[in-house]
Structures are given as structure tokens and as C-alpha cells.
Amino acid sequence: MPYLTPREKGQPDAWGAETAAKGRRGSQRIVNAGEVAAPPEVAALFGVSVGADVVVRRRIMYLDSEPCELTDTYYPAHIARGTGLAETARIPGGAVTLLAELGHVGARVREDVTARMPSEDEREALRTEPHEPVLRLTRLTLDGDDRPIQADMMVMPAQRQRLRYELRIG
């Protein structure tokens with residue numbers, strides 16, 4: 001699970017490495033980052049009050065210069081405040097690597113995937129047609145004590161995606 005595993009020093013981020021392995025180019029643009037009031041869904045995932053301080057990084061992911069995903073990643077403020085997670089600069093090795101350096105390593109992930117029609121802003125950002133649905137993937141990462149350390153809200157054009165899950169049984 002490369003998106004959930006800290007990278008070794010000098011390794012590219014997981015998105016760049018995955019796309020390069022397929023002979024393609026993956027990039028991202030950080031739209032903004034900083035402290036915000038927790039929206040209801042994030043508050044529920046983190047077990048905090050609606051409006052509590054959280055940190056968010058909003059990004060547009062690109063595949064060969066075409067937008068393919070909108071990703072908002074939230075962190076509890078006590079973890080991310082004053083770190084690179086609260087800034088718009090790129091993080092060497094990615095956010096999961098920085099979280100590990102800060103002492104927060106994911107041990108369990110819960111994902112929910114739904115399909116819906118995009119909002120006008122999402123449709124515009126993803127350059128989709130009005131009739132094209134999107135997938136929304138919500139990923140909550142918990143540490144070894146089942147405390148939430150990261151919540152990702154991803155929106156992607158359904159017809160341009162394939163989600164693959166590989167789970168060990170037993």
C-alpha cells in the first residue's frame with residue numbers, strides 16, 4: 001500500500017512513483033493549506049466538535065497534465081499545526097512520511113466509496129461533462145491506538161478510475 005507507507009529518504013512521492021512506473025507523469029497542485037473549522041463529516045471522523053480546529057491540504061492531482069482527482073486531506077490540529085502539513089510547499093516523500101517523522105504512523109485504514117453527480121465546481125476542476133458521475137473516496141487513517149491521524153476526501157471522475165483492493169485474509 002504505497003499511499004499508506006512512509007517513503008525512504010530520497011524516494012519520490014507515491015503518486016509520482018506509481019505513474020512513472022506506468023510510463024506516465026503524475027503531478028499535483030496544492031491549492032491551499034492551513035487551519036480551518038472542522039466540517040461535520042471531518043468532525044465525526046476525528047471525534048471532535050464541529051468547528052474545532054483542523055488542518056487541511058487541498059490538492060488537484062494530475063495525470064499527464066489532465067486533472068484526475070480532487071483531494072482534501074485533513075489532520076488533527078494538535079498533529080499538524082506548525083508543520084509542513086499546514087503549508088502549501090511540497091513535502092519530500094509525501095505527507096505520510098512527514099507524519100511518521102512526527103511519530104504518527106498509520107496502522108489501520110477505513111475507506112468508504114460512493115458515487116454521485118459532481119458539483120459544478122468539481123465538474124469544472126475535473127473538466128468533466130455534465131452527465132459524468134464521480135466517485136468519492138473517504139479514507140480514515142488510524143494509528144496503533146485507533147486514534148485518527150489523517151482523513152482524505154477524494155473526488156474523481158468515475159469513468160477514468162479503477163480502484164483496486166487487495167486484502168489479506170486471516
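Helix α4 spans residues 95–101 and includes T97; helices here are DSSP runs of H or I with at least four residues, strands are runs of E with at least two, and both are numbered from the N terminus. The model is predicted, so local features need pLDDT of at least 70 and side-chain atom pairs count only at pLDDT 80 or more, while totals for chains, interfaces and linings use all residues. Residues are numbered from 1 along each chain as its sequence is written, and side-chain values use heavy atoms, with hydrogens and water left out.

With a relative accessible area of 7%, T97 is buried (under 20%; exposed is over 50% and partly exposed lies in between, with a 1.4 Å probe and protein chains only). The T97 side chain reaches the backbone oxygen of G93 at 2.9 Å.

D64 is not a glycine, yet its phi is positive, at about 50°. S65, also a residue other than glycine, has a positive phi near 70°. D64 is partly exposed because its relative accessibility is 34%, and S65 is partly exposed at 42%.

A look at the surface brings up a nonpolar patch formed by V113, L163, Y165 and L167, with about 390 Å² of accessible area together. Patch members have over 30% relative accessible area and no salt bridge; nonpolar side chains (Val, Leu, Ile, Met, Phe, Trp, Tyr) are joined within 5 Å, and like charges within 9 Å. A salt bridge places a side-chain nitrogen of Lys or Arg within 4 Å of a carboxyl oxygen of Asp or Glu. Areas come from the Shrake-Rupley method with a 1.4 Å probe, and for residues only the protein chains shown count as cover.

Technical notes: Polar contact = N/O pair within 3.5 Å; in protein donor to acceptor, adjacent residues only side chain to side chain.
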